[in-house]
Amino acid sequence: MPSTSFPQPPSASLATRDDAWRLTHLGRLLGHAMRRFDARVLELMAHDVHVPLALSHLAARDQVSAAHIHITRHLSLQGDRLTDLAARAGMAKQSMAALVEQCEAWGLVVREPDPHDARSRRVRFTETGLAWLQAFRDAVAQAESEFRAEVGDEVAAVVALGLEAYAGGDGGRG
């Protein structure tokens, strides 16, 4: 009777392998960097005297999250239909609708009839939302400046160019 050789279970061979790659691969580092950057932006916005006080308090108590920043990042100044906003942010329409509803309650955005399509509504910034957008712009500039100070101008330039080239390969998403 021929001898049958069965492969070892994966757990036996994995136990002896180096596992550090899971903590240091590019995707994980990009994710950590983005979360750190977004957290710093929100922290700066929470302490910005130009941010309406109620929104500043929400940001300071971690009620405003990076998810809310999707609206700030992706809503055009002339306003957008919810489906377009969700697509640009890479989110499900239902998830974006929940964010818009919350931002509407905070006075950042308003939904109004679309002048080009009577069946549709557009989401646009309110005056408070535009102040929030300016605070976001200022906070991003400060966070980028802090990044450059931490890693150096040359490294920051290379990182920005590399990320721009890499992100440009995503087919226009994001």
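Predicted model: local features only at pLDDT ≥ 70, side-chain atom pairs only at ≥ 80, totals over all residues.
**Notebook: chain overview, sheet and a helix pair**

I started with the surface: the accessible area of the chain comes to about 11,800 Å², and 58% of that belongs to carbon and sulfur atoms (Shrake-Rupley method, 1.4 Å probe; for residues, only the protein chains shown count as cover). Residues are numbered from 1 along each chain as its sequence is written, and side-chain values use heavy atoms, with hydrogens and water left out.

Next, burial. Of the 174 residues in the chain, 28% are buried (under 20% relative accessible area, 1.4 Å probe, protein chains only).

I then looked up contacts (heavy atoms within 4.5 Å). Taking those in the chain between residues at least 6 apart in sequence, 52% join residues at least 24 apart.

Secondary structure: I get nine helices and three strands (DSSP runs numbered from the N terminus, helices being H or I with at least four residues and strands E with at least two). Read from the N terminus, the elements go α-α-α-α-α-β-α-α-β-β-α-α.

The three strands form an open sheet in the order 1-3-2, with antiparallel pairing (two strands pair if DSSP finds at least two bridges between them). Strand 1 (80-81) and strand 2 (109-114) are at the edges with a single partner strand each, so one side of each has no neighbour in the sheet. Strand 2 and strand 3 (residues 117-125) run antiparallel and are joined by six bridges. I looked up two of the pairings: Pro-113 has Arg-121 in strand 3 as its bridge partner, and Glu-112 stands opposite Arg-122 in strand 3. The hairpin from strand 2 to strand 3 goes through two residues.

What packs on this sheet, touching strand 2 and strand 3? I found helix 7 (residues 93-105) there, its direction making about 115° with that of strand 2.

Last, a helix pair. The axes of helix 8 (residues 127-151) and helix 9 (residues 153-167) come within 6 Å and cross at roughly 120° (axes are lines fitted to C-alpha atoms, for helices over the stretch in contact, and angles run from 0 to 180 degrees between N-to-C directions). Helix 8 and helix 9 are therefore oblique to each other (under 35 degrees is roughly parallel, over 145 roughly antiparallel, 65 to 115 roughly perpendicular, the rest oblique). Phe-147, Arg-148 and Val-151 in helix 8 touch Asp-153, Val-155, Ala-156 and Val-159 in helix 9.

Notes
Buried < 20%, exposed > 50% of the residue type's maximum accessible area, 1.4 Å probe, protein only.
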